[in-house]
Amino acid sequence: MKEILLKLNDVHVHYGGVHALDGASVAIDEGEIVALMGPNGAGKSTVLKAIFGIAPIHSGEVLWHEKKFVPIPHEVVKRGIAFVPQGRRVFKYLTVEENLEIGGFIVGDKGELRRRMDEIMETFPALKTKRKAKSGTLSGGQQQMLAIARGLMVDPKVLLLDEPSLGLAPKIVKEVFENIRLINERHKTAIVVVEHNIKSILSIVHRAYVLDKGKVAAHGKPEELLSSGVLEKIFLGA
Amino acid sequence: MYIPYVDIVPQLIANSVIAGAIYALIALGFNLIYGTTKFFNLAHGAVAACGAYAVFAILKTFALPVNIVVACAIGAFVAGIIGYGLERLIYRPLRRRKASNMVLMVASLGAFTALQAFIAILFTSQFQALESSGGISGAIEIYGAIITHTQVVIITCGIAIMAILAFIAKYTLFGKAVSAIKDDEEVARMVGIDTDRIIGKVFFIGSAIAGVAGILIGFDTGIEPTMGMNLLLKGTIASIIGGVGSLYGGFLGAFVLGFAENFGIWKISGEWKDAIAFVVLIVFLLVRPEGIIKK
């Protein structure tokens with residue numbers, strides 16, 4: 001039986017008077033890909049931010065291997081959780097190689113850092129040819145690959161991806177999703193992905209959560225969600 | 001003492017380089033801090049004065065039997081600790097409360113005033129000499145320009161510190177972490193950088209460099225509690241005209257300012273020096289507000 005790696009229990013996140021999360025509970029098992037879906041403002045990105053200590057948790061708990069912890073960004077990374085934020089947000093004045101180096105900031109050992117960098121360059125060959133280029137000069141797709149690659153530098157057990165397809169051409173989106181699937185397959189990394197591109201993402205995930213107004217409205221396997229009609233109800237109000 | 005005739009141009013060049021090196025020392029620390037935190041740390045000038053007065057206390061007030069180099073190192077360390085203390089006790093709590101850069105700047109102005117008053121209470125408001133009893137006295141002549149040994153040390157320190165900072169920025173993980181924080185502090189935290197810790201170190205390093213500037217100016221021209229204001233103004237102008245937040249920009253801007261000031265007063269009274277500095281600033285703000293080195 002797979003172990004639960006990461007769990008959010010009845011988490012409430014408030015921004016002033018706005019309840020971004022209103023008692024959401026989400027669990028991520030070892031080695032699975034989980035999608036977080038829902039309309040705008042449903043609280044999908046806030047789930048990732050709460051896990052990472054970027055969103056202020058009003059009540060509820062975050063558990064890692066069934067143990068409660070208070071998320072603080074730079075400490076969450078040390079536990080083996082990496083976050084790839086929305087909009088790519090690579091360090092545009094640093095080169096591709098420097099971005100990866102910074103991605104492995106907590107690794108410490110230079111030899112290990114180099115080994116991981118070489119391994120990642122093999123996974124993302126497009127980055128290999130651009131290793132000395134300033135990342136601000138890369139295309140949107142390449143920046144997204146770099147942002148994911150940067151997250152992989154800590155060899156995470158859980159990778160959090162916030163809208164990786166945002167602003168990318170359909171062909172590139174397909175490439176990004178294929179890379180997500182490969183990372184999961186090769187490294188057994190659990191991946192939590194927030195995505196609007198429902199059809200594409202459901203083809204690569206093991207499970208999905210549907211959020212609405214800060215609450216989990218439904219969860220299950222992709223085929224269960226597709227046949228239940230819950231997606232139409234949440235997204236189209238049907 | 002017989003002073004040989006010096007052709008004015010070599011001396012003007014020498015004076016420009018000396019002034020540039022002083023402004024560079026202030027601008028380097030100022031830009032390092034601004035680049036990382038995005039606010040004008042106005043206390044920077046007073047921190048420089050603290051470094052100078054720490055050396056004054058060691059060598060004159062308590063007349064401790066220490067080597068002048070050791071005294072200067074302690075002075076720079078004291079300035080670094082004061083800068084770090086300001087970050088830890090004032091700026092960091094304000095940043096945690098999501099204070100705007102304007103609030104941080106006003107807080108730094110308060111810190112400037114308090115430090116300046118503190119120095120005046122401890123050491124009086126009088127102008128004091130910080131001449132050394134063993135070491136940097138005398139002068140050299142280059143193409144007719146007279147440069148004191150203290151001024152040689154100022155130029156050497158300005159260039160050496162710039163080179164060290166450039167090396168750190170380019171080749172160390174710490175330097176790259178600073179660049180990452182400059183670019184996007186939130187994402188820097190997401191990749192595992194303890195940004196508070198790095199910013200604390202940046203304040204220490206930037207303030208220690210300011211301390212070095214204060215100490216060297218002290219040996220060159222003397223010290224007074226208000227010396228920080230002029231240093232701050234010139235360092236800030238150098239930063240803005242060079243490219244605020246840019247290491248190389250601050251360095252370049254400092255020398256541009258040094259040359260503009262010294263050649264500007266070639267045919268007019270030296271009292272116009274500060275006015276020239278502000279004219280240069282205004283011209284840059286109007287024509288090239290991003291500074292010489294555009295990011």
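The chat below walks through a predicted model with chains A and B.

Biologist: What does the secondary structure of chain A come to?
Modeller: In this predicted model, chain A comes to ten helices and ten strands.

Biologist: OK, sheets now. What order do the strands of the open sheet in chain A have?
Modeller: The open sheet has six strands in the order E6-E7-E8-E3-E9-E10, and the pairing is mixed. On average, neighbouring strands of this sheet are turned by 15 degrees against each other, with direction ignored.

Biologist: Which strands stand at the edges?
Modeller: Strand E6 (81-84) and strand E10 (215-220) of chain A do, and each has a single partner strand, so one side of each is left without a neighbour in the sheet.

Biologist: How many bridges join E7 to E8 in chain A, and are the strands parallel or antiparallel?
Modeller: Five bridges join strand E7 (residues 158-162) to strand E8 (residues 190-194) of chain A, and the two run parallel. As for individual residues, A:Asp162 stands opposite A:Val194 in E8(A).

Biologist: Which strands does helix H7 of chain A lie across?
Modeller: Helix H7 (residues 170-187) of chain A lies across E3, E7 and E8 of chain A, running at about 160 degrees to E8(A). Helix H1 (residues 44-52) of chain A lies across E3, E6, E7, E8 and E9 of chain A, and runs at about 140 degrees to E7(A).

Biologist: At what angle do H3 and H6 of chain A pack?
Modeller: Helix H3 (residues 96-103) and helix H6 (residues 140-152) of chain A pack at about 35 degrees, with their axes 7 Å apart, and the crossing is right-handed. The residues that make the contact include A:Val96 and A:Leu100 of H3(A), together with A:Leu146 and A:Ala149 of H6(A). By class, this contact of H3(A) with H6(A) has four nonpolar, three polar and one charged residues.

Biologist: Switching to the other chain, how many residues of chain B are in contact with chain A?
Modeller: There are 14 residues of chain B in contact with 20 residues of chain A. On the side of chain B that touches chain A, H6(B) gives the most, with six residues, and by class that side has seven nonpolar, two polar and five charged residues.

Conventions. Residues are numbered from 1 along each chain as its sequence is written. Chains are lettered from A and ligands numbered from 1 in the order in which they are written. This is a predicted model: local features need pLDDT of at least 70, side-chain atom pairs count only at pLDDT 80 or more; totals for chains, interfaces and linings use all residues. Two residues are in contact if their C-beta atoms, placed from the backbone, lie within 7 Å. Helices (H or I, at least four residues) and strands (E, at least two) are DSSP runs, numbered from the N terminus. Ala, Val, Leu, Ile, Met, Phe, Trp, Tyr, Cys and Pro count as nonpolar, Asp, Glu, Lys and Arg as charged, and the others, Gly among them, as polar. Axes are lines fitted to C-alpha atoms, for helices over the stretch in contact, and angles run from 0 to 180 degrees between N-to-C directions. A crossing is left-handed if the near helix is turned anticlockwise from the far one by less than a right angle, and right-handed if clockwise. Two strands pair if DSSP finds at least two bridges between them.
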